[in-house]
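Student: I am new to this structure and would like a guided tour.
Tutor: Gladly! Please take a look at it first, and then ask away.

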Amino acid sequence: MRKIQLLLTLSLVCITTHLFSQSNIIPAPVSYAASSEAFLLNNQVVVDLRTKDADAIKQTLQLILSLQDKGLIVKQSAVAKPTKINRAIILELNEKANTSLGDEGYTLVVTDASIQLNANKSAGLFYGIQTLLQLLPPKFTSTPSALIKGCSITDYPRFQWRGLMLDVSRHFFTKEEVKKYIDVMAQYKFNTFHWHLTDDNGWRIEIKSLPKLTEVGAWRVERFGRFGSREAPKPGEPTPYGGFYTQDDIKEIIQYATDRHITIVPEIDVPGHSMAALAAYPELSCKKEPKMVNPGTSFSEWYGNGKFKMLIENTLNPSDEKVYTFLDKVFTEVAALFPSTYIHVGGDEAYHGYWEEDPNCKAFMKKNNLKDGHELQSYFMKRVEKIITKNGKKMIGWDEILEGGLAPGAAVMSWRGMKGGIEAAKMGHNVVMSPTTFAYLDYTQGDPSIENPIYSSLSLRKAYEFEPVPEGADPKYILGGQANLWTEQVPTLRYAFYMTYPRALATAESVWSGKDKKDYDNFLTRLENHFNRFDVLEVNISKAVYDPIVSVKMENEKLMCNLSCDIKDVEIYYTLDNTFPDAYTTKFTKDFEIPNGDVTLKVISYRNGEPLGRMLSIKRVELVKRVGK
C-alpha cells in the first residue's frame, strides 16, 4: 500500500513538472536543453558553496532564505560527490573563465543528483539563482517538495544596461517601498535602477550644503483628484505632502541594490523641471519670483509636435554664475553618494521662452555667440558635464541634450523615439534606448473604458516589440534599453507594480534575451505562470492581457466590431441589450454590427467555462470615436 502511495505521489509530481521548466523562465535563456533526469528538491537537499567569494556567500544565504520562505528547510554543507540519495545544490565560480559567459552569465545543469550552478563572477551566480527559483513552483504544498526536470542551461545578457526608471518626485515612495521595487527588478535580471529624484513636484534627495532643497522643495500642499488638473497652492498654505531621502537612507538603498547586482543611476533634472528647486532658491531663476512646489496643477500649454509653453517659470537661469555654483554643490554631493558610472541630468522639456525674454540671458547669448535657446541650453549642459566629469562621473541625459550641440563625453537616453539615439550613436556617443513607443509604463495598458485614463497607450504586445538596436544604429554604442514609470497618475506602490508589470517583463526579455529568442506567443505562455508567482507574493500586477480587444470600423455606413484576445484558448462573449455577458450569451465568432441607438457593448473573455478577463462596457458613441484609430 505504501509503495502505491509513493508511486501516486511521484506521478502527481511528474505530471506538474513541466510547469516548472524552461517554458516558464523570463527572460528567456540563451539555450535550454531538457534531459530525462529529474532532481527531487526537498528538506533532504543541502547547498554546497564551493567558493570563498564574499558576495557569493551572501547570495547563498539569500538562496537558503528564499527556499525557507517556500517551506523548505535547507542546510549548507559540503558534498564531495552528490548522489540521488545525497542530493546537493552546488554553487561554484569557474577556475578558468568561460569567455562566452562574461561577468553576468552562468550555466545551470540539473541532474538526478545535483543542481550545478557555475559562473565566472558572483553576478552570474546571482542571475543563475534567479533562474533556479523560477524552476520551482510558486508555492509548495504542506509537504514541501518539487521534482525539477533535468536540463542544461547556458545564459548571459545581450546588453549591459537593463533598466527601469521610477519617478519619486510626482509621488514620494518610502525607503522600504523603493526596496520592494528593487526586489522584483532583481528577480527578472534588471541591473540598472534609474532613480528620478527631482522635478517640479518635489526634491527628494538631501543635499547637506543646500538644506532648503528638502526643507522647502520636498513638500507641497495636499491636493486630491487627477494630477494635472488640481487647484494651485495658495500663499501661506501648509505643505504637509511629500518627503525625501536622507543621505543615510540613500546609502542604505544603494547597498540593498548592490547586494542584488543593481546599479542605481540618480537623476537630477535640470535646467527644466526645476520648480521644486526654485521654490527653495527662487533667485536661481530668470524672474526670481517666489515659487511653491507644484502639487499637480496644469502650468503648461502643449501645441503638438513637441512645442509647448510654460505658464510658470520652472527653469534655472543659464546666464547666472550662481546657478553653476549651486549645481556644483548638488552634483558633488550626489557623486560622492552614488558609486554608479553615470549621473543623469535630465535636460528634457526645458522651456526657452523665459530665457529669450530675459535681458541678462539675451546679453549672455550675444556675448557668447549663441544664436538661440537651443545653443544656450547646450552651453548649460556642457558646463554641467564639466562639473560631473570633475567629480569622476559621466553624464547621461534625455535626447534633448543633443540640441545645439552635445557635450563631448555625454551619453544619451533616447525617449522621443529612436531618432536621437541613432544620431548620438553615429556621433560615437553611448546610448540607452528608452522610446515612448515601447517603454513608457505610465501609458494605458488595457482598454480605456476600464483603465485609468492617460494621454497615450502601450499594450503588452507593443512593449514586447521593443528592439534596442534600430536599423541605422551602430550596436557597439547601444548600452541597452530601459522602461520608465512616470508617476503623475501613480500614487501608491501597489499601483506602481500594476503599471510596471507585466510590461517590464517584456522589456526584460528585450534587453537580456537574444533577438532569436523573442516569440510573443511563447512569452505569453510563460507569463501566465508568473501571474501565479506575483499572486503568491501579493504583488498587484495588470492582467489586462486577458481582456478582450475591441476593434471597430465603418463598413457600408455600418459600425462593425471585431473581438479578439492575445491569450490563446479563449472564448469571448458579448451583449448589446444592456445585460451582462456570460458563457451562455452570444459567443463571438465573426464581425458583427453595432446597431444605431443608445447601445452599450458589454464583452468578457472566458476559458474552460470560467471568466478570464474583466468585463468591458463601452457605449456606441465611444466606439464611433475609435473608428480609424
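**Strands, helices and loops**

Student: In β9, which residue is the bridge partner of D167?
Tutor: This is a predicted model, where local features need pLDDT of at least 70, side-chain atom pairs count only at pLDDT 80 or more, and totals for chains, interfaces and linings use all residues. Strands are DSSP runs (E, at least two residues), as are helices (H or I, at least four), both numbered from the N terminus. Across in β9, D167 is paired with H196.

Student: Over how many bridges do β8 and β9 pair?
Tutor: Strands count as paired if DSSP finds at least two bridges between them. β8 covers residues 161–167 and β9 covers residues 192–196. They pair in the parallel sense, and the number of bridges is 5.

Student: Which residue of β21 stands opposite L164?
Tutor: β8 is joined to β21 by 6 bridges, and the two run parallel. L164 has a bridge partner in β9, namely F193. Over in β21, the residue opposite L164 is A483.

Student: How many strands close into the barrel, and what is the average twist from one to the next?
Tutor: The order is β8-β9-β14-β17-β18-β19-β20-β21, with parallel pairing, and 8 strands close the barrel. From each strand to the next, the twist averages 25 degrees.

Student: At what angle do α10 and α11 pack?
Tutor: Axes are lines fitted to C-alpha atoms, for helices over the stretch in contact, and angles run from 0 to 180 degrees between N-to-C directions. α10 (residues 359–367) and α11 have axes 11 Å apart. Angles of 65 to 115 degrees count as roughly perpendicular, under 35 as roughly parallel, over 145 as roughly antiparallel and the rest as oblique. The two helices are therefore roughly perpendicular, at an angle of about 80 degrees.

Student: Which residues of α11 meet α10?
Tutor: α10 contributes C361, F364 and M365 to this meeting. On the α11 side are G373, L376 and Y379.

Student: Which side chain makes a polar contact with E467?
Tutor: E467 sits in the loop between α14 (460–464) and β21 (478–485). A polar contact is a pair of N or O atoms within 3.5 Å; within protein, one must be able to donate a hydrogen and the other to accept it, and residues adjacent in sequence count only if both atoms are side-chain atoms. At 3.0 Å, the partner of E467 is R158.

Student: What is omega for the cis peptide bond between I26 and P27?
Tutor: P27 is placed in the loop between α1 (2–17) and β1 (31–41). For its cis bond with I26, omega is about 0 degrees.

Student: Is K288 buried, partly exposed or exposed?
Tutor: K288 lies in the loop between α7 (275–280) and β15 (300–304). Although not a glycine, K288 has a positive phi of about 60 degrees. Its relative accessibility is 42%, so K288 counts as partly exposed.

Key: Residues are numbered from 1 along each chain as its sequence is written. Side-chain values use heavy atoms; hydrogens and water are left out. Contact means heavy atoms within 4.5 Å. Buried means under 20% relative accessible area, exposed over 50%, partly exposed in between (1.4 Å probe, protein chains only).
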